[in-house]
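Hi,

Here is the structure I promised to pass on. Have a look at it first, and then read on for what turned up in it.

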Amino acid sequence: MAEPGITNALKFRQLNIIFLLFTSEVIVGKIHYSIREEMESGAFVGNIAEDLGLNIRRLSVRKLRLTSADKRQCLEVNSQTGILFAKERIDREQLCGQMPTCILSFEIVVEEPLEMYRGEVEILDINDNSPSFPESAVLLRIAETMAPGSRFPLESALDPDVGTNTVTSYNISPNEHFGLKVETAEDGSKIVELLLKKPLDRERQSSFQLILTATDGGSPPRSGSAQILITVLDSNDNAPAFDSNIYKVSLAENSPRGSLVVSVHATDPDEGPNAEVTYSFSNRVPQKMQELFSLDPRTGEIRVQGRVDYEEASSYSLDVQAVDNGSPGNVGRSKILINVIDVNDNAPEILLTSLSQVVLEDSAPGTVTALINVIDRDSGKNGEVNCEIPKNVPFKLQTSSSGHYKLITSDMLDRETAPLHNITILAKDSGSPPLSTNKIIQISVSDINDNAPRFPRPMDTVYVMENIAPGASIFAVTAFDPDLDQNSYITYSFIESRIQDLPLSNYLTLNSMNGTIYALRSFDYEQIKNFQIQVQARDAGVPPLSSSATLNVIILDQNDNAPVIVSPSAQSGSAAVEIVPQSAAQGYLVTKIIATDADSGQNARLHYQVLKATDPSLFSVGLNSGEIRTAREILDQDAITQTLVILVKDNGQPSLSSTVRINFSILGNITEIYSESRNLMTNPEYDSDINLYLIVILGSTSFIFLVTIILLIGIKCKQDRSAIEDYNSPSCCYRLEDSHSDFHPRPTLEESLNYTAAGDIVRMPETRHYAVCLSPESAKSDFLYLKPYTPPVPQEQY
């Protein structure tokens with residue numbers, strides 16, 4: 001069921017559609033609607049789409065909209081259905097006042113193709129206002145000497161409605177003395193006067209209470225009333241009379257304050273105080289008009305005291321009265337009609353009803369870019385407007401109708417030469433002096449995709465620290481595209497490649513929006529030191545254009561590997577064992593620590609230092625070489641077992657380190673070794689059968705081995721005496737060499753024997769170099785052992 005507001009609108013709406021033919025294809029018709037005032041918000045006015053024959057299905061695409069030059073927007077159109085409806089409750093009296101015809105003009109604009117229609121809605125008056133009197137009670141003082149037929153002006157009732165809905169009749173409560181005299185003035189208003197029908201006799205009746213009722217011509221009619229309180233007096237029986245019942249004057253708008261409008265004059269035939277007249281505005285004159293004009297109570301001069309604006313009101317009607325000083329005072333009334341003359345005080349207004357702020361670069365000449373409406377609130381010549389734009393732009397104005405223009409292209413556009421056009425529209429009226437207004441509009445020239453994205457450098461280098469956290473940003477590539485909009489919208493991607501036989505996507509990911517490259521995993525410098533990737537930048541044009549850049553990714557080493565001690569090697573959970581002859585002099589090379597570090601640079605630069613020692617004064621270690629030498633001669637009171645804990649650290653930040661524990665056995669000659677072994681065998685502490693068997697086996701094997709060595713040395717001493725002199729001692733020196741090994745400096749005595757002073761079994765290396773020195777004067781023998789060379793292998797740290 002339709003709403004009551006819409007039903008009433010359909011019931012009372014008067015639709016007139018007038019199609020006007022113009023040479024322009026933009027303004028193609030004019031429609032006229034009539035609706036009653038006081039319709040609720042959302043009330044139906046008319047179906048623009050149906051009345052104009054527009055396709056409703058394409059309304060949303062064609063962007064139907066309503067424009068109006070009025071400051072108050074009372075109407076609105078549904079862009080989907082084309083239905084014109086009231087935006088708010090419409091009060092005709094508030095919009096148009098007492099004007100006989102109330103018209104709301106508007107323009108309808110549809111695009112693609114661009115068309116414009118002109119329309120107007122006439123607001124019909126309804127009888128929604130009752131007549132009312134300025135005052136609820138009228139006090140009249142009437143002398144009893146007044147002759148029958150005397151008239152007493154009464155305040156007319158006010159009704160904001162117009163036409164038949166305004167006041168049409170007056171009546172008064174029945175009585176034998178008074179009646180009403182109603183006349184119609186030139187402006188159509190009713191002048192009501194109280195008519196004395198029968199002479200008064202104050203002594204018989206000194207007062208009257210009458211009810212004056214005003215009724216309008218609406219259907220149903222409305223009425224209003226006021227009480228007339230009449231006091232019967234004697235004496236002053238003549239009212240002041242104006243020179244003219246109506247004064248008609250003209251006044252230029254914007255007249256300065258104090259300007260004389262008119263001077264009224266009234267006379268009273270009475271004498272003395274009864275003939276003294278005071279002028280004033282009647283109660284019917286609104287307060288706003290009394291603020292606009294002033295009336296001198298003595299001289300009757302009406303002057304301007306506010307701002308007179310033709311655009312607000314083209315005429316004014318003032319009711320003035322003259323009251324004498326009699327008792328009671330009589331009142332004479334007159335009307336002032338002021339016609340306001342328009343002057344050129346309003347500059348033209350430029351309204352953009354439609355504007356295409358972006359124009360295609362390849363648009364053909366004659367393309368419509370804007371619809372312009374120029375209005376001037378003045379009238380006559382003051383309201384005639386000419387519009388123009390500069391000559392040095394590729395645009396021109398084309399007149400479509402009075403006050404309406406189209407801005408079209410006049411030449412081909414070139415974005416590379418002028419990507420933006422600032423067009424000044426100048427509107428100038430024909431007043432004297434003329435007034436003008438200018439408005440600047442900006443029109444951008446859209447681009448076509450003729451530029452590929454460009455990288456600042458086609459090849460770049462990226463340094464990435466190893467062990468970087470997954471998800472961390474390592475680099476951001478940026479390309480520039482001089483095109484606009486989507487033609488310059490760049491997305492980034494990798495050109496697929498492989499790193500160590502794995503897809504690039506296993507290592508890196510790329511933010512396609514901003515070009516930021518993220519690591520998906522940590523990089524290990526020891527496994528991969530550098531690789532190369534290619535990044536492609538692609539715009540969003542049609543067709544898209546692209547370019548690429550190459551990135552050389554270099555992995556930077558981080559100190560993440562501790563030194564690995566290769567030599568001396570030790571069994572897991574035990575210390576390395578070295579043999580030192582008691583006869584070793586100061587600076588004697590006992591052994592050398594060999595360590596490696598998988599890092600590079602400063603992270604792989606190793607330093608050696610003694611962390612802990614049984615006797616810190618006996619051994620020293622080379623800071624950079626790792627060589628362990630005797631710091632002094634070995635004394636008899638020195639313990640035969642010495643322990644060193646060597647710290648090997650790199651030069652990284654922070655530094656990483658490893659330690660190795662070395663046990664040194666200080667031994668005399670071979671006889672002492674054998675004697676010590678026998679002592680161990682007879683020691684009650686090693687009374688175990690297993691230990692005894694091991695000691696016997698080791699002792700026997702060592703004895704046979706030593707005898708064999710002594711025999712070989714004896715033979716060698718006869719052939720070469722020079723070796724003995726090299727050691728500055730009266731001894732024989734021989735070198736035993738295995739043909740399957742390379743020479744290595746000085747093996748330890750531990751590697752020459754199958755046991756240590758502690759009785760531990762030691763593996764005999766297969767490859768050895770020996771330099772054996774025996775003293776012929778003593779049963780003891782000194783051995784110089786050269787340590788075998790073995791390839792570096794990682795050992796467990798101590």
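Before anything else, one term: a residue counts as buried when its relative accessible area is under 20%, as exposed when that value is over 50%, and as partly exposed in between. Asp-447 has a relative accessible area of 11%, so it is buried. Please keep in mind that this is a predicted model.

Let me stay with Asp-447 for a moment. Its side chain meets that of Arg-415 in a salt bridge, with 3.0 Å from N to O. Asp-447 sits in the loop between E32 and strand E33 (459–465), while Arg-415 sits in the loop between strand E30 (404–409) and E31, so the pair ties together parts that are 32 residues apart in sequence. Arg-415 is buried too, with a relative accessible area of 11%.

The overall picture

The protein chain has 798 residues, and 42% of them count as buried. You will find 9 helices and 53 strands in it. Among contacts with a separation of 6 or more, 66% are between residues 24 or more positions apart. The chain exposes about 41400 Å², and carbon and sulfur atoms supply 51% of that.

More salt bridges

A search of the whole structure gives 18 salt bridges. As background, side chains of opposite charge can pair when their charged atoms come close. One of the pairs is Arg-151 with Glu-183, at 3.2 Å from N to O. This pair also links distant parts of the chain: Arg-151 belongs to strand E10 (residues 151–153) and Glu-183 to strand E12 (residues 178–184), 32 residues apart. Arg-151 is partly exposed, at 41% relative accessible area, and Glu-183 is partly exposed as well, at 34%.

Then there is Arg-307 with Asp-309, whose side chains meet at 3.1 Å from N to O. Are these two buried or exposed? Arg-307 is exposed, with a relative accessible area of 52%, whereas Asp-309 is buried, at 6%. Elsewhere, Glu-38, Glu-40 and Arg-89 are linked in a network of salt bridges.

Cysteines

How many disulfides does a search of the whole structure find? The search finds 1. Cys-96 and Cys-102 form it, with their sulfur atoms 2.0 Å apart. The link is right-handed, with 60° about the S-S bond, and both of its cysteines are buried. Cys-74 is in no disulfide: the nearest cysteine sulfur belongs to Cys-102 and is 8.7 Å away. Cys-74 is itself buried, with a relative accessible area of 4%. Cys-387 is another buried cysteine, at 14%.

Strands and sheets

Two places are worth a look here. Strands E31 (residues 420–429) and E32 (residues 436–445) run antiparallel and are joined by 9 bridges. To find your way along that pair, look for Lys-428, which stands opposite Ser-436 in E32.

The other place is strand E50 (residues 657–667), which is mostly covered, with 8 of its 11 residues buried. Strand E49 (residues 641–650) runs antiparallel to E50, with 9 bridges between them, and a hairpin joins the two through 6 residues. Lys-649 stands opposite Ser-657 in E50. Strand E43 (residues 576–581) pairs with E50 in the parallel sense over 6 bridges; there, Val-577 has Asn-663 as its bridge partner.

On the surface

Phe-703, Ile-704, Val-707 and Leu-711 form a nonpolar surface patch, with about 400 Å² of accessible area together. Phe-703 lies in helix H7 (residues 689–719) and is partly exposed, at 48% relative accessibility.

Last, a loop: Pro-286 lies between strand E20 (277–281) and helix H5 (287–292), and is partly exposed, at 39% relative accessible area. Its C-alpha atom is separated by 9.0 Å from that of Leu-318, which is 32 residues away along the chain.

Cheers

Methods:
Residues are numbered from 1 along each chain as its sequence is written. This is a predicted model: local features need pLDDT of at least 70, side-chain atom pairs count only at pLDDT 80 or more; totals for chains, interfaces and linings use all residues. Side-chain values use heavy atoms; hydrogens and water are left out. A disulfide is a pair of cysteine sulfur atoms within 2.5 Å. Buried means under 20% relative accessible area, exposed over 50%, partly exposed in between (1.4 Å probe, protein chains only). Two strands pair if DSSP finds at least two bridges between them. Helices (H or I, at least four residues) and strands (E, at least two) are DSSP runs, numbered from the N terminus. Patches are made of residues with over 30% relative accessible area and no salt bridge: like charges are joined within 9 Å, nonpolar side chains (Val, Leu, Ile, Met, Phe, Trp, Tyr) within 5 Å. Accessible areas come from the Shrake-Rupley method with a 1.4 Å probe; for residues, only the protein chains shown count as cover. A salt bridge is a side-chain nitrogen of Lys or Arg within 4 Å of a carboxyl oxygen of Asp or Glu. Contact means heavy atoms within 4.5 Å.
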